[in-house]
Amino acid sequence: MKTVFAKTGMLRDAEFHYCPGCTHGVIHRLVAEVIEEAGLQPQAVGVAPVGCAVYAYKYFNCDMYEASHGRAPAVATGIKRARPDACVFTYQGDGDLASIGTAEIIHAAHRGENITAVFVNNAIYGMTGGQMAPTTLIGQKTTTSPYGRDKDSCGSPLRMAEMLATIEGSGYIERVSLNNNANIIKAKNGFKKAFECQMSRKGFSMIEILSTCPTNWGLDPTQSMEWLEQNMIPYYPLGVFKEAK
């Protein structure tokens with residue numbers, strides 16, 4: 001029988017631990033497919049975070065490191081400088097990258113490190129209990145903002161893509177979403193460009209992915225996709241924010 005579809009060899013034969021309806025699995029597959037299709041698997045090195053994707057090393061079929069909370073960009077920097085030929089990526093959530101790791105990601109971009117950050121933004125802390133994150137929307141309820149995020153006391157949600165695009169050392173910055181098939185296809189193309197930026201040594205690259213968290217949002221998977229489209233995309237517009245020529 002002719003094979004019309006096969007699982008990418010960049011993913012191990014392991015069952016994902018993610019909650020039903022979470023889009024981490026889709027993101028894993030897109031990252032893995034892009035690396036394999038570009039022929040970069042032999043030199044691929046990933047850095048797993050602390051958070052929902054803490055077990056990423058079980059899923060990607062390449063060399064993987066586990067970083068302390070928020071420190072993935074620093075670990076990735078060391079790997080890339082020791083192995084300039086490697087395809088190095090971090091895989092981080094909004095708590096890991098935009099909260100405890102804010103300084104790490106900003107200075108990695110500032111230095112123009114030739115690494116690629118995969119930034120999963122679901123507007124909440126996932127693994128640790130659904131607390132308010134830097135990306136939590138105004139009025140959004142979490143375990144630490146039961147009445148909704150208040151702008152006067154907590155400030156506005158951080159727009160990481162826009163902020164990192166202003167830094168001279170960044171080469172490619174894009175925000176994508178996985179709320180429908182068309183956007184999933186666009187997301188894969190964004191990953192391709194980010195890794196091309198890295199391997200062409202054009203500077204730091206990051207893809208921010210708007211993702212769902214049905215468990216902590218208190219919604220079913222279908223409702224979560226609708227909530228993302230109606231609430232996240234208006235505040236976090238999709239598109240390319242920087243592309244080095």
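This is a predicted model: local features need pLDDT of at least 70, side-chain atom pairs count only at pLDDT 80 or more; totals for chains, interfaces and linings use all residues.
Arg-201 sits in the loop between H7 and E6, where helices (H or I, at least four residues) and strands (E, at least two) are DSSP runs numbered from the N terminus. Although Arg-201 is not a glycine, its phi is positive, at about 60°. Its relative accessible area is 53%, so Arg-201 is exposed; exposed means over 50% relative accessible area, buried under 20%, and partly exposed in between, with a 1.4 Å probe and protein chains only.

Residues are numbered from 1 along each chain as its sequence is written, and side-chain values use heavy atoms, with hydrogens and water left out.

Ala-123 also has a positive phi, of about 65°, although it is not a glycine. This residue lies in the loop between E4 and helix H5 (151–154). Is Ala-123 buried or exposed? With a relative accessible area of 0%, Ala-123 is buried.

I turn now to the interior. In soluble globular proteins, nonpolar side chains tend to be buried together. A nonpolar core here is a set of buried Ala, Val, Leu, Ile, Met, Phe, Trp, Tyr and Cys residues joined through side-chain atoms within 4.5 Å. The largest nonpolar core has 33 residues, and those touching the most other members are Ile-27, Val-31, Ile-35, Phe-60, Phe-89, Phe-191 and Ile-209. Two or more residues of this core come from each of several elements, including helix H1 (24–37), strand E3 (87–93), helix H7 (181–199) and strand E6 (204–210). Which element gives the largest share of this core? That element is H1, with 6 residues.

Leaving aside neighbours within four places in sequence, Ile-35 is in contact (heavy atoms within 4.5 Å) with Met-10, Leu-40, Gln-41, Ala-44, Phe-89 and Phe-195. Apart from this core lies another, of 24 residues, among them Ala-109, Met-160, Ala-161 and Ile-167.

The next topic is the aromatic rings. Rings of Phe, Tyr and Trp (its six-membered ring) pair if their centres lie within 6.5 Å; planes under 30 degrees apart count as stacked, over 60 as edge-to-face, and the rest as tilted. Across the whole structure, a search finds 9 aromatic pairs. One of them joins Tyr-18 and Tyr-59 in a tilted arrangement, 6.0 Å centre to centre with 55° between the planes. Tyr-18 lies in the segment before H1 and Tyr-59 in the loop between E1 and strand E2 (63–66), so the pair ties together parts that are 41 residues apart in sequence. Both tyrosines, Tyr-18 and Tyr-59, are buried.

A further pair, Phe-60 with Phe-89, is edge-to-face, at 5.3 Å centre to centre and 75° between the planes. Phe-60 belongs to the loop between E1 and E2 and Phe-89 to strand E3, so that pair links distant parts of the chain, 29 residues apart. Phe-60 is buried, with a relative accessible area of 0%, and Phe-89 likewise counts as buried at 0%. On a 1 Å grid over the protein atoms alone, a cavity is a set of points where a 1.4 Å probe fits but cannot get out, and a pocket is an open set with protein on both sides within 12 Å along at least five of seven lines; lining residues have an atom within 4 Å of a point. The largest pocket holds about 180 Å³ of space, a volume being the space filled by probe spheres set on the points, which are joined across faces, edges and corners. Of its 17 lining residues, Tyr-18, Cys-19, Cys-52, Gly-126 and Met-127 lie nearest the centre of the pocket. Helix H8 (residues 214–217) supplies the largest share of that lining, 3 residues.

The whole structure has 1 cavity of 30 Å³ or more. The largest cavity has a volume of about 170 Å³. It is lined by 19 residues, and Val-50, Gly-51, Cys-52, Gly-93 and Gly-126 are the closest to its centre. Helix H3 gives the most to the lining of the largest cavity, with 3 residues.

At 0% relative accessibility, Ser-224 counts as buried. Beyond its neighbours within four places in sequence, Ser-224 is in contact with Thr-212, Pro-214, Trp-217 and Leu-219.
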